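Please look over this two-chain complex before we discuss it. My notes follow, point by point.

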Amino acid sequence: MKSTFAVLLATTAVVGALAIPTLDAFARDTPEGTWPAVGADGTSGPEVRLATRDDDRHRDRIRRDHHDDDDDDDNAPAGRGTPAPAGTVAPPTNGLFGTGAPPKAVTN
Amino acid sequence: MKSLLATLALTTALTLPGLAAARPVTMTTTLTQYGGDGAYLALYVTDAAGAYVGSLWMAGEKSKYYEHLSDWYRATGGDPAEINGITGASVGAGRTLEITLDLADALFDAGYTLHIDAAVEEMRDSPNEIAVPLTAAGAGTAVPGRRYIASFTYE
């Protein structure tokens, strides 16, 4: 009976010793969106960043910024605008075009 | 009354040839599988002396890339007025652009040459990729390009 108690006490002590560093790591302040990693030896390792809503917002901003880059025409030479798309105005009067059907383009 | 009829006859005589002096021409450009983004293409015409006459089509809508169509850009300064109403989307690799234009008959067999400049983002520019004399006999004959254009025909 005595030996049983001794074994029980020893295992409780070992489990408790292992748990203390882990609980300590949880208790420490960590930046939002990170999770403390604990090594096998009980010491804390590098922080692991988890996907959060903030990350999604960040990605959305990057995508939106990229989209804006694509759409702008800021790098166009000074004084130059965007030409009118086909079908919105008549072709230029450069003597090459007749007065018949408007230009038509199809991409296959 | 007589003078009115004479005026009417004269204006009709002058107008009819003008109406008949143009015809629909279909230009077909097929691109190679060059493995890049959509190609910008400038189709334009020079006269027998090599002077720029005018543009027929611009594939690609962002003017900031036009300087890469270097021969066309040198001739026009990138002026959007040159391509108002004849501008469409860029053309993807391996795809075919088919344009139908109402072109003046006077363009054919008169020493004019049709040129195509091509450019693809982050790839080499290809000015004068196609240079083909506009002749009635040349209609329907496929012409190969140098880099991005597999073939070009007009008919």
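**Notes on the predicted complex**

1. Start in chain B. Strand β2(B) and strand β6 (residues 113–119) of chain B run antiparallel and are joined by seven bridges. Within this pair, Thr46(B) has Thr113(B) of β6(B) as its bridge partner. Strand β2 covers residues 40–46 of chain B, and six of its seven residues are buried.

2. This is a predicted model. The predictor gives an ipTM of 0.80 and a pTM of 0.66 for the complex. Chain B has a mean pLDDT of 90, with 87% of its residues at 70 or more.

3. Which elements of chain B have the lowest and the highest mean pLDDT? Helix α1 (residues 2–20) of chain B has the lowest, at 50. The highest belongs to β2(B), at 98. Over residues 12–19 of chain B, pLDDT stays under 50. For that stretch the model has zero contacts beyond four places in sequence. Where pLDDT is low, the predicted coordinates should not be read in detail.

4. Now the other neighbour of the opening strand. β2(B) is also joined to strand β3 (residues 52–59) of chain B, by six bridges in the antiparallel sense. Ala42(B) faces Met58(B) of β3(B) across this pairing. β2(B) and β3(B) make a hairpin, with five residues between them. In its turn, Gly50(B) has a positive phi of about 85 degrees.

5. There is a second hairpin to inspect. β6(B) and strand β7 (residues 126–133) of chain B are antiparallel, with five bridges. Leu114(B) stands opposite Val132(B) of β7(B). Six residues lie between β6(B) and β7(B) in this hairpin. Glu122(B), in the turn, has a positive phi of about 60 degrees.

6. Where does the parallel pairing come in? It is between β3(B) and β4(B), over two bridges. There, Ala59(B) stands opposite Gly88(B) of β4(B).

7. Strand β1 (residues 22–31) of chain B pairs with strand β5 (residues 96–104) of chain B over nine bridges, in the antiparallel sense. Met27(B) has Ile99(B) of β5(B) opposite. Across the chain boundary, four bridges join β3(A) to β5(B), again antiparallel. One pair to check is Lys104(A), whose bridge partner in β5(B) is Thr100(B).

8. How many residues does each chain bring to the contact? Chain A gives 30 residues and chain B gives 35. The side of chain A that touches chain B has 16 nonpolar, 11 polar and three charged residues.

9. Next, the two chains side by side. Chain A has two helices and three strands, in the pattern α-β-β-α-β along the sequence. Chain B has two helices and eight strands. From the N terminus, the elements of chain B run α-β-β-β-α-β-β-β-β-β.

10. Burial and contact range deserve a look too. In chain A, 7% of the 108 residues count as buried. In chain B, 36% of the 155 residues do. Take contacts between residues at least 6 apart in sequence. In chain A, 3% of these join residues at least 24 apart. In chain B, the share is 63%.

11. A last reminder for reading the strands: in a regular strand the side chains alternate between the two faces of the sheet.

Conventions:
Residues are numbered from 1 along each chain as its sequence is written. Chains are lettered from A and ligands numbered from 1 in the order in which they are written. This is a predicted model: local features need pLDDT of at least 70, side-chain atom pairs count only at pLDDT 80 or more; totals for chains, interfaces and linings use all residues. A residue is buried if 20 or more other C-beta atoms lie within 10 Å of its own, exposed if 12 or fewer, and partly exposed in between; C-beta atoms are placed from the backbone. Two residues are in contact if their C-beta atoms, placed from the backbone, lie within 7 Å. Two strands pair if DSSP finds at least two bridges between them. Ala, Val, Leu, Ile, Met, Phe, Trp, Tyr, Cys and Pro count as nonpolar, Asp, Glu, Lys and Arg as charged, and the others, Gly among them, as polar. pLDDT is the predictor's confidence in each residue, from 0 to 100.
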